[in-house]
Amino acid sequence: MTSVLNERNETTTLSIEEMQVRQHLHGLPPLTARLEPWMIATLRDRSLFNWVDQFSSPLNLVNPDALSENVAALRRQADDRGVNLRVFFARKSNKCLALVDAARSIGIGIDTASHAEIDQTLARGVEPSGMICTAAIKDDAMIDRCLATEPPIVIAVDNFDELDLVVQRSQACGKKAKIALRLGGFHHGDQKLPTRFGFDVDRDLHVLDRLAELPMEVCGLHFHLDGYDAKQRVSAMRTCLKCWDRLQQLGHHPTFIDMGGGFPISYLPSGDEWATFWSTLRSALLNQSEPITYDNHGIGLSVHDGQIIGRPNSYPYHQSPVFDQWFADILDAPMEDVTMEGEDVTLADAIRRRGIELRCEPGRSLVDGCGMTVARVEFRKQSANGDWLIGLAMNRTQCRTTSDDFLVDPILVPQDADRPMDDSASMEGYLVGAYCMESELLSLRRLRFPSGVQRGDLVIFPNTAGYFMHFLESRSHQFPLAQNLVLDSADSTFRLDDIDR
Ligand SMILES: *Cc1c(COP(=O)(O)O)cnc(C)c1O
């Protein structure tokens, strides 16, 4: 057993099994991803090789079980404060239908962002009242789809043209729409938060005065902020509460405020490893030590006049507080409350006293612990400058978000189960993928393979269910998309997700 610190600075221990699973690959310096027990069990199961043979490389493995634990953690914080919480899973973070089924079975809602997501979610038997449409672009057909269900699906209306379209379509269909007003441009401290989304809270709030004449029911207010700042959410909630009170005065009967997603998580239990990675990268960029990234890539940082400039262009793989604790901090934030003059209340109090249903729409954080991506090693070669390159049968859109890199250490499962830990076979190099570009690196990080790496070995990217698998996956060069196997915990077997049928 070995000890590491987790995000709450509690010591956790790695089992012998987990250490064995990790021993064939680590980054320089290491970034040791958290692994769930099912991941370790699956990585020790030789069937992994048969599945990749049968379903091709790369292959996504999804286990929805953690979803319900994640939801339960949020519910506990809300329950402790008497807040009526309704969680919606943001489907765009992962397309597997097994996750929709899991969400339905635990009674949470679904946040949909496209016509296909709406159709599929309804086809899985999710109640329209448990859905919201937050698509960034909504055409007539999508609005009609939302209006056609009974009750209509709540549409998060983003702008005046969209509002007019909803009016037009509901008149054409003879049905009253249910809407939530999406707000944006909140003030936080002395800053106005920039966004492309929502009615601007400074310029556009006269929209509130127009709503009463329109053939629609104003069910709630909605926002979704970029980034992971809890205090910005508190500022947005403060403005929403004021708008809520205004809607009430105007005779509307809203029921919810929806605070969107962006609940932060840590892929990496150790804050020390994270800090060491960035300090080592800085020193490498300043040529004070060996490069730890391909071509000394800065992952958002660069050197200007001998100084490091820029900001890391990556998800904060380690952060604190995360998820339910982050949510609790928002609920406990002090809030001035017009209804209780002079009294100090918390945001939770202000929500509870108004009888508001608090909604949220996490994506990434709800599928934390739900997936991994497996790819087969096809070659090893040396580049023109002598770096070892390890070619995998996958491309970089199959494990990538909008930021520069997947930063935690992948795992190597040797084809030969008894491959000895032989120092003389040790290699260092970079993972490269199938798109025909010089920049096609699957990870920018320099990786060490203490027992070597060979054709037919498998490389596994851990905890990829949130965005990494599907958000950017593309079919350039006409490669087929990766298939998705879902673990059925009832009989511990993996089967193809219905999204691939
Ligand atoms: C993407 C998105 C979410 C989910 O965000 P996460 O960061 O995955 O929690 C929720 N709501 C809206 C409107 C979104 O666009």
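These legends go with a set of views of a predicted model, starting with the whole chain and then zooming in.

**View 1. The whole protein, for orientation.** The predicted model contains 13 helices and 27 strands. Its C-alpha trace spans about 75 × 50 × 40 Å along the principal axes. The radius of gyration comes out at 24 Å, which agrees with the value near 23 Å that a compact globule of 501 residues would have. Buried residues make up 56% of the 501. Take the contacts with a sequence separation of 6 or more: 70% of them link residues 24 or more positions apart.

View 2. Now for the polar atoms: a polar side-chain atom of Y467 sits 2.5 Å from a ligand oxygen. On its own the ligand would expose 390 Å², and the protein buries 89% of that.

**View 3. Q232 in helix α10.** Look for Q232 in the helix that runs over residues 230-249. Its relative accessibility is 15%, so Q232 counts as buried, the cut-off being under 20%. Leaving out residues up to four places away in sequence, Q232 touches H188, L193, L225 and D226.

**View 4. Two cis peptide bonds.** L28 and P29 are joined by a cis bond with omega about -10 degrees; P29 belongs to the loop between β3 (26-27) and α2 (37-43). Another cis bond joins E150 and P151, with omega about -5 degrees. P151 lies in the loop between α7 (140-148) and β8 (154-157).

**View 5. Positive phi at S56 and F323.** Most residues other than glycine have a negative phi. S56, not a glycine, has a positive phi of about 80 degrees, and F323 also has a positive value, near 45 degrees. S56 is in the loop between α3 (47-55) and β4 (59-62), while F323 is part of helix α12 (residues 323-331). Is each one buried or exposed? S56 is partly exposed, with a relative accessible area of 38%, whereas F323 counts as buried at 8%.

Methods:
Residues are numbered from 1 along each chain as its sequence is written. Side-chain values use heavy atoms; hydrogens and water are left out. A polar contact is a pair of N or O atoms within 3.5 Å; within protein, one must be able to donate a hydrogen and the other to accept it, and residues adjacent in sequence count only if both atoms are side-chain atoms. Accessible areas come from the Shrake-Rupley method with a 1.4 Å probe; for residues, only the protein chains shown count as cover. Helices (H or I, at least four residues) and strands (E, at least two) are DSSP runs, numbered from the N terminus. Buried means under 20% relative accessible area, exposed over 50%, partly exposed in between (1.4 Å probe, protein chains only). Contact means heavy atoms within 4.5 Å. The radius of gyration is taken over C-alpha atoms; the globule rule is 2.2 Å times the number of residues to the power 0.38.
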